[in-house]
Amino acid sequence: STLLQATIERLKTEMETTGKRELFDNIRCFLIENPKSSYTEAAQRTGLTVAALKTTIHRLRVRYRDLLRAEIARTVVSPADFDDEVRALRASLQSGGLQG
């Protein structure tokens with residue numbers, strides 16, 4: 001989805017401006033996909049402890065959700081449309097419609 005891609009790009013840019021692009025590249029798979037690596041493997045790649053990695057991923061997911069909501073809000077006219085769009089996006093993600 002263009003909406004999801006735009007959100008990922010905004011998040012990547014934010015991480016880049018804080019000097020954390022490499023970290024983002026190593027953990028972005030934990031945002032919306034089923035990662036191919038474990039937390040332990042990702043922690044080893046990033047030099048973080050598993051606990052620190054989980055905290056970082058949690059914060060990144062929260063920020064991703066906030067950015068996604070902002071992107072959705074930019075595309076709708078009314079609050080009712082916003083709720084409808086969020087429901088449609090969730091349904092599509094749950095059915096696997098936006099993966100790949």
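1. Let's start with Y39: at 29% relative accessibility, Y39 counts as partly exposed, a class that lies between buried (under 20% relative accessible area) and exposed (over 50%), using a 1.4 Å probe and protein chains only. Please keep in mind that this is a predicted model, where local features need pLDDT of at least 70, side-chain atom pairs count only at pLDDT 80 or more, and totals for chains, interfaces and linings use all residues. Residues are numbered from 1 along each chain as its sequence is written, and side-chain values use heavy atoms, with hydrogens and water left out.

2. The ring centres of F30 and Y39 are 5.1 Å apart and the planes lie at 10°, so the pair is stacked. For reference, rings of Phe, Tyr and Trp (its six-membered ring) pair if their centres lie within 6.5 Å; planes under 30 degrees apart count as stacked, over 60 as edge-to-face and the rest as tilted. F30 is buried, with a relative accessible area of 3%.

3. T49 sits in the loop between α4 (39-46) and α5 (50-75); helices here are DSSP runs (H or I, at least four residues), numbered from the N terminus. With 52% relative accessibility, T49 counts as exposed. Its side chain reaches the backbone nitrogen of A52 at 3.0 Å. The C-alpha atoms of T49 and Y39, 10 residues apart along the chain, are separated by 9.3 Å.

4. How far apart are the end C-alpha atoms of α5? They are 37 Å apart, which agrees with the 38 Å that its 26 residues should span at 1.5 Å a residue; the expected span is 1.5 Å times one less than the number of residues. The buried residues in α5 are L53, I57, L60, Y64, L67, L68, E71 and I72.

5. E71 in α5 deserves a look: E71 is buried, with a relative accessible area of 5%. Its side chain makes a polar contact with the side chain of R10 at 3.1 Å. A polar contact is a pair of N or O atoms within 3.5 Å; within protein, one must be able to donate a hydrogen and the other to accept it, and residues adjacent in sequence count only if both atoms are side-chain atoms. Not counting residues up to four places away in sequence, E71 touches L3, A6, T7 and R10, contact meaning heavy atoms within 4.5 Å.

6. R69, also found in helix α5, is partly exposed at a relative accessible area of 37%. Leaving aside neighbours within four places in sequence, R69 is in contact with F82 and V86. The C-alpha atoms of R69 and F82 are separated by 8.6 Å.

Terms used
Helix = DSSP H or I, 4+ residues; strand = E, 2+ residues; numbered from the N terminus.
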